[in-house]
Each structure stands twice: as structure tokens, then as C-alpha cells.
Amino acid sequence: MDLTARVPALLRERTFRRYWTGQTVSLVGDQISLMALPLTAVLVLGADAAQMGWLKTLELLPALLLNLPFGAWVDRRANRRQIMIATDLGRAALLITLPVAYAFDLLKLGQLYAVALAVGALSVLFEACNSTLFAALVPTERYVQANSLVNGSRSTAWLAGPGIGGVLVQVLTAPVALLADALTYLVSAGYLAKVPADEPAPAPVAKGHFTEGMRWMVREPSMRALFAASGTVQFFNYMFHTLFVLYVTKDLGLSAGLLGLVLGTGAVGGLLGALCSGAVVRRLGIGGSIVAGFLGFTLPLVLIPAAHGPLPLVVVVLFAAEFLSCVGVMIVDVAAGSFQLALIPDALRARVMGAYRTLNHGFRPLGALAGGVLGTVIGLRPTLWVATVGAVFAVLWLLPSPLPRMRELPTQEREPTVPVG
């Protein structure tokens, strides 16, 4: 049997394989930092709850504030790939400062804050360029397969990264473990340096350049419906996640170890969802897959406030809810991501995605705040009912739009390209 025949066609192409390998390594590194950065604050610097809140806020703030301006700036650049390489090198250099300062007993919480903010900003810039480079590397008819591969890597990182991060923190201490993430950024930069691509020509600077992406998204009916559905899910999902850990540990009686296993099962579900997303799109079409993915993501979570009875039964229900929900979220990520790539014009890509991410990130703190208030006023379980059922109704935004009836990815005339070696 020829084993190479089992390798996805895109991974047999050197250019995409280099891009995908760099992305995969970097995603694992991100998960290591997700463990090592807060553990550095807690174990090394003795951060309290308020200081941990500031650290998390500074990590998330660039995504809310910088997606829109970075998108407008990137659309005017000719070589996004070189910008991505520079952000990889910058993130590696920033992370390296932490173990160096720790080695000389100079590490302070202020430095951790600054690094978290700067790394977050560079990550936003990297992603602003990434969608344009991805579209330049992959033909439209292979968007679903390519997104399945990248999202499969993301699920694998979710599954393996925290465990690797935990071991590295245990063996090397938290600050030194951050060197592993810095190394992944260097690997990513190395692979990107070997990826030639014909990138779209930069957009001309004109009046309204900054807001054009937002205006295009609001005018385009399918994109507008997708944004409304996604924003609704973001709001209710962050309401849910604000209270989830408190509810399952205090009300349902799960230990930290059992909770970790439940969340790990979700990562396995995400990997399965990424692997089967191509078959789902072929069966249901791109629009049907997006609708099915939204329902597959949100409906299983209704099982969580419904769970009651003996602890073994509750655990089984939670396993099922997390597993099925993560299958659904990967299907919608692959299908919706491919649809957006095909629909958005090259000249507007970074600005539209910047506007989309900015508005979606804006729903997150609102949902978290609403979850905290409702949880205090009406209790944990009733609030989780509101959050999970409310998220299911997000699909109603999609149904009147043209999206559910689309079988194939939309096509557009490609913009002139700039060869990049």
C-alpha cells in the first residue's frame, strides 16, 4: 500500500506543507504559553486575583483595540509574509526577556504585563496578514481541506499543548518553559521564510479606507448574517464560560481532575470535527454545513444545565456535551472560515476580517459581565439555561439570508498579484 496516497493532497505540496508546519508548531507553543505565563505570575511573582485579572485583560485587549487599525494598515502593504516573519521574531524576542530577567532575579510583574500586551499586539498583526497569505497560497476549491488541516492542528495543540506546558513548567520552572514558545515562533518564522506566494497587490489609499471593511461587511447579506450569528454566540458563550467552572465544581461536585478530563474530551471532539468537516461540506454544502455547525456547537451545551443526578451520570452527560459541542465548533470554523475567504475581496480582506474580529471580541466582555450579574441575581443554573438556549437561537440570523442555500463556495475575480519569493 502506498502510504503517501493517504496524505492529504495539500500536504504533498511543499509550499503549503511548510506553511502548515510552521502554523502547527506555533499553535502548540501558544498553548504552552497559556500555561506558563499565568503560572509565572502566580508561582514566581505571587500575583493575586486582581493582578491575574490585569494580566488576562492585557492579553485580550489588543484583539479588541487593534484588529481594525491593523487590518486597514495591512491591506496597504505589499508583502504580508515578511510582516508575519517580523512578528514571529518579535514575539520570540519578547518571550526570551522573561527567563533572562528571571535568571538575574530581575523579573517583575510590570515586565510580565508589558510582554503580555506586546505579544498580544504582534499576534493580532500576524493574524491580520495570515488570512491574505492563506488565500494566496490555497486555491478556492481547496479552502475547506486547508482549513480542516489548520483547525486539526489547532485541536491537536489544545489536546497536547497544556500537557506539554505543564511538564515543562514542572521540570524547567514557568519562566524557562516560555523559551519553548519562543522557539516555536522561530520555527514558524523559518518556515514562512521558505514560503513563496503571489500576494494580492496593496489596496490604494482612498477616502474611507479605514471603515471600508466594516461598511462592506454590513452591506453584504450573507456576511452580515454570519456576523450577527457569530456575535450572538460569542455573547451567550462567554456568559456560559464565566460561570461554567464555578457551576460544575460547586453545584455538580466535579473535582479539578475530572474537569480537566472533560475539557480534554472536548479537544478530542474538536480534532474529530476538523477531520470530518470536509465530508460534512460535501454532503450538506457550504451553507448547510455552517448552519449544522452552529447547531452542533450550541445544542449539546444545553445538556450542561440539564445535568443532574448521581455524579457518574453527570460526568457522562458533561463528557457528551463537551465532545459534541467541540465537533460542532470545528465544523462551523472550517466551513465559515472557508466561506469568508472565498467571499471577501482580496483588496478588503484584512480590513473586513479586522472589523469582524473587533466586533466579535466586543461581545465577549459584555457576555461575561451579563453572566456575572445574572448568576448573582437568579443563580448559576438558571443563568446557564439562558446562556445555552440563547446561543442556540443564534442560528435564526442565518436562515433568512442566502447562506443556507449555498452549495458551493462563492467565486470572485482575483486581484492582480505581487510575486514574492
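Biologist: A salt bridge is a side-chain nitrogen of Lys or Arg within 4 Å of a carboxyl oxygen of Asp or Glu. How many salt bridges does a search of the whole structure find?

Modeller: The search finds 5 salt bridges. This is a predicted model, in which local features need pLDDT of at least 70 and side-chain atom pairs count only at pLDDT 80 or more, while totals for chains, interfaces and linings use all residues. Residues are numbered from 1 along each chain as its sequence is written, and side-chain values use heavy atoms, with hydrogens and water left out.

Biologist: What does Asp88 form a salt bridge with?

Modeller: Asp88 pairs with Arg91, and their closest N and O atoms are 2.8 Å apart. Both residues sit in helix H3, 3 residues apart, which is about one turn of the helix. Helices here are DSSP runs of H or I with at least four residues, strands are runs of E with at least two, and they are numbered from the N terminus.

Biologist: Are Asp88 and Arg91 buried or exposed?

Modeller: Both are buried. That word means under 20% relative accessible area; exposed means over 50%, and partly exposed is in between, using a 1.4 Å probe and protein chains only.

Biologist: Why does Arg351 count as buried?

Modeller: Its relative accessible area is 3%, so Arg351 is buried. Asp75 is buried too.

Biologist: New topic. How far apart are the end C-alpha atoms of helix H8?

Modeller: They are 43 Å apart. The 31 residues of H8 (residues 221-251) should span 45 Å, so the two values agree. The expected span is 1.5 Å times one less than the number of residues.

Biologist: Where is the kink in H8 centred?

Modeller: On Leu243, with an angle of about 40°. The bend at a residue is the angle between axes fitted to the seven residues ending there and the seven starting there.

Biologist: What happens at the start of H8?

Modeller: A side-chain oxygen of Glu220 comes within 2.9 Å of the backbone nitrogen of Ser222. After H8 comes Gly253, with a positive phi near 80°.

Biologist: How many cavities of 30 Å³ or more does the structure hold?

Modeller: The structure holds 1. On a 1 Å grid over the protein atoms alone, a cavity is a set of points where a 1.4 Å probe fits but cannot get out; a pocket is an open set with protein on both sides within 12 Å along at least five of seven lines, and lining residues have an atom within 4 Å of a point.

Biologist: How much space lies in the largest cavity?

Modeller: About 60 Å³. Grid points are joined across faces, edges and corners, and a volume is the space filled by probe spheres set on the points. The largest share of the lining, 4 residues, comes from H8. The lining residues include Val233, Phe297 and Ala391.

Biologist: What about the volume of the second largest pocket?

Modeller: About 510 Å³. It is lined by 24 residues, and those closest to its centre are Val144, Gln145, Ser148, Gly278 and Arg282. H9 gives the most to that lining, with 10 residues.

Terms used:
Polar contact = N/O pair within 3.5 Å; in protein donor to acceptor, adjacent residues only side chain to side chain.
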